[in-house]
Amino acid sequence: MSTNTTARKTVRRTVLIAGLVAAVALPLGLTASAQATPVRAAKAAAAQGTVTGTASDNVTQVADFYGAYIDAKSDPETGGRLATELRKFYVTADGLREVEKWEAANLADGVLHAQNVPAQWTVKGTGTAGRVAVTLTWGQSDPTQLVVDLDRNHKITHIAGK
């Protein structure tokens, strides 16, 4: 066998092996990259503070209410009027009477079960239909835990301490 033929065979083998490695490794690399992309996207969304929800979901309704209510209560100029309107929109008439009764007995806001506005809130489902858990946090103090009951029209009917 001549040197030229041997060199061609070596090159062909090298190209064949490189092609096989690429054929096996490339799809694996694409799969790993495709699998990592949703994780990176979720982390980026969380870092940007993305919130999602649906209008027909109790957790979303309560989160919307508490977010808007806390924002309204934080505004000293127009917050009182807006907070009152939010109560009327999200809470049933019977629920409002109950909140007002709680306020008279406790000299605090009946929606927040506190005299001031929390720095943070968390809303999550409880696993019980029509019931949502709310956690309100004021910095270093222990959080306040509330249970919020809703009717089937997603209106708040009851707010109580846990």
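What volume does the largest pocket have? About 190 Å³.

## Ground rules

This is a predicted model, where local features need pLDDT of at least 70, side-chain atom pairs count only at pLDDT 80 or more, and totals for chains, interfaces and linings use all residues. Numbering runs from 1 along each chain as its sequence is written, and side-chain values use heavy atoms, with hydrogens and water left out.

## Confidence

The protein chain averages a pLDDT (the predictor's confidence in each residue, from 0 to 100) of 81, and 71% of the residues score at least 70. Among its elements, helix α4 (residues 93-106) has the highest mean, 98, while helix α1 (residues 3-47) has the lowest, 52. Helices here are DSSP runs of H or I, at least four residues, and strands are E runs of at least two, numbered from the N terminus.

## Around G80

G80 sits in helix α3 (residues 79-90). It counts as partly exposed because its relative accessibility is 47%, between the cut-offs for buried (under 20%) and exposed (over 50%), with a 1.4 Å probe and protein chains only. Leaving aside residues up to four places away in sequence, G80 touches A72 and D75. Its C-alpha atom is 9.6 Å from that of Y69, 11 residues apart along the chain.

How values were computed
Contact = heavy atoms within 4.5 Å. 1 Å grid on protein atoms, 1.4 Å probe; cavity = no way out; pocket = protein on both sides within 12 Å on 5 of 7 lines; lining within 4 Å. Points joined across faces, edges and corners; volume = space filled by probe spheres on them.
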